[in-house]
Amino acid sequence: MTSINEQPIPAARPVIGEDEIEAAVRVLRSGRVVQGPEVAAFEEGFSRLVDGRHCVAVNSGTSALHLLLLALGIGPGDEVIVPSFSFAASANAVRLVGADVVFADIEPGSFNLSPAAVEAAITPRTAAIMPVHLYGHPAAMDRLMPIAEKHGLAVVEDACQAHAAALNGTPVGAFGSGGTFSFYPTKNMHSLEGGMVSTADAELARTLRLLRNQGMEQRYANEIVGANMRMTDVSAAVGRVQLGKLDGWTEQRRANAAHLDAHITAPGVTTPPVAEGARHVYHQYTVRIQGDRDAAMAHLTEAGVGNAVYYPTPIHRLKPYWEPDQKAGRTWDLPETEKAAAEVVSLPVHPSLTRNDLERIVTAVNSLGEKL
């Protein structure tokens, strides 16, 4: 039970400090608040995280996925292979461009797309693979990229939870046809709200810039049909401040995770493994619970340790996907996805944790005992 003098430890804690506030106020006072110099500077700064790729800032991570699929020409008649164990936005972006979602199973260690399952799911209609770097652990891009190249498929990286993650020295967002990032307040860095697309293709980057701005590069000279998915300069200014702090925050997350790895010893609790060559940035520190998960979570909450399940319902079982599949007589065989959804619990790992917080988390988890 939480001590009367101890506050509950939140599962996530967005950081909005004086630096972020001052940056936002500075932009507001400037009067240049949309698609101005702050956005351009943020794009340039973020490019250094993705091996110098072109970066295009937009208003959310979902918009980043949506516009990248549009820019790649993916639409009706196409299929995109997506993990069902992810946030719904991954699949929603595919549906928003009129393409069909094909769900593939995950690998149990990383919770990311299984290359073998991806290859088995490819059909003549497959246009793209969408690996999600879930929880901040990079997907198996070293095995997925050869599959995509063999079959001539686009690769759309959903790196919305994985800023600064890498595999064998290559950062996420620098493998595929394009990478997408989210700057929602609970992400490893944020811009209040926003997103980014990275790509090595200059022409694709130009198309993305047209799509985010009503199809215009020059005002009133519309070249294609586009939308309004621009990032504001206020968001970009906050994002630039956060980007400058990302390295330190990432190392703190990794250190926090290392402490939890070393000290969580409860039977029935499996700490998250890290694949060889992977740089995990721990957007979430996600354990598996073998036993009564609800009782375990209740115990953690009573002990003042924030916890959550990401994601309790696989996407293929959500109403917008389940009902059409049922009508079409389509079923998905995703045993590792179903198992993960039934077992995962995410514990606090954010950089605001103190050493006392870490000890409280360890004590609470290791005291689960008969709760499992």
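Strands β12 and β13 (residues 344–347) pair in the antiparallel sense over four bridges; here, two strands count as paired if DSSP finds at least two bridges between them. Helices (H or I, at least four residues) and strands (E, at least two) are DSSP runs, numbered from the N terminus. One of the bridges sets Thr-286 against its partner Ser-346 in β13. This is a predicted model, in which local features need pLDDT of at least 70 and side-chain atom pairs count only at pLDDT 80 or more, while totals for chains, interfaces and linings use all residues. Residues are numbered from 1 along each chain as its sequence is written, and side-chain values use heavy atoms, with hydrogens and water left out.

Strand β12 also has a partner in strand β10 (residues 269–270), again antiparallel, over two bridges. There, Thr-270 stands opposite Arg-288 in β12. Because five of the five residues of β12 (residues 285–289) are buried, the strand is largely enclosed by the rest of the structure. Buried means under 20% relative accessible area, exposed over 50%, and partly exposed in between (1.4 Å probe, protein chains only). Tyr-285, Val-287 and Ile-289 point one way from β12, Thr-286 and Arg-288 point the other way, and all are buried. In a regular strand the side chains alternate between the two faces of the sheet.

**The seven-stranded sheet**

An open sheet of seven strands runs in the order β1-β9-β8-β5-β4-β2-β3, with mixed pairing. Its edge strands are β1 (54–58) and β3 (100–104), each of which pairs on one side only. From one strand to the next, the twist averages 25 degrees; axes are lines fitted to C-alpha atoms, for helices over the stretch in contact, and angles run from 0 to 180 degrees between N-to-C directions.

| Strand pair | Bridges | Facing residues |
|---|---|---|
| β2 (residues 79–83) and β3 | five bridges | Ile-81 and Val-102 |
| β4 (residues 126–129) and β5 | two bridges | Ile-129 and Val-155 |
| β5 and β8 (residues 178–182) | three bridges | Asp-158 and Thr-180 |

Strand β5 (residues 154–158) is mostly covered, with five of its five residues buried. Ala-154, Val-156 and Asp-158 point one way from β5, and Val-155 and Glu-157 the other way. With helix α6 (residues 141–151) between them in the naming, β4 and β5 make a right-handed β-α-β unit. A crossover is right-handed if, with the strands pointing away from the viewer, the path from the first strand over the helix to the second runs clockwise.

Helix α2 (residues 37–47) lies across β1, β8 and β9 (195–199), running at about 135 degrees to β1. Contact means heavy atoms within 4.5 Å.

**The three-stranded sheet**

Another open sheet has three strands in the order β7-β6-β11, and its pairing is antiparallel. The edge strands are β7 (170–171) and β11 (278–279), each pairing on one side only. Strand β6 (residues 166–167) joins β11 over two bridges, and Ala-166 stands opposite Arg-279 in β11.

**A buried aspartate**

Asp-325 lies in helix α10 (residues 319–328). With a relative accessible area of 11%, Asp-325 is buried. Not counting residues up to four places away in sequence, Asp-325 touches Arg-330 and Trp-332.

**Pockets and cavities**

Rolling a probe the size of a water molecule over the atoms shows where empty space is left. On a 1 Å grid over the protein atoms alone, a cavity is a set of points where a 1.4 Å probe fits but cannot get out, and a pocket is an open set with protein on both sides within 12 Å along at least five of seven lines; lining residues have an atom within 4 Å of a point. Grid points are joined across faces, edges and corners, and a volume is the space filled by probe spheres set on the points.

The largest pocket has a volume of about 440 Å³. Its lining comprises 24 residues, of which Phe-87, Gln-161, Ser-182, Lys-187 and Tyr-311 lie nearest the centre. The elements that give two or more residues to this lining are α3 (61–71) and α4 (89–96), and α3 gives the most, with three residues.

There are three cavities of 30 Å³ or more. The largest cavity holds about 100 Å³ of space. Of the 14 residues that line the largest cavity, Arg-13, Pro-14, Val-15, Lys-187 and Arg-253 are the closest to its centre.
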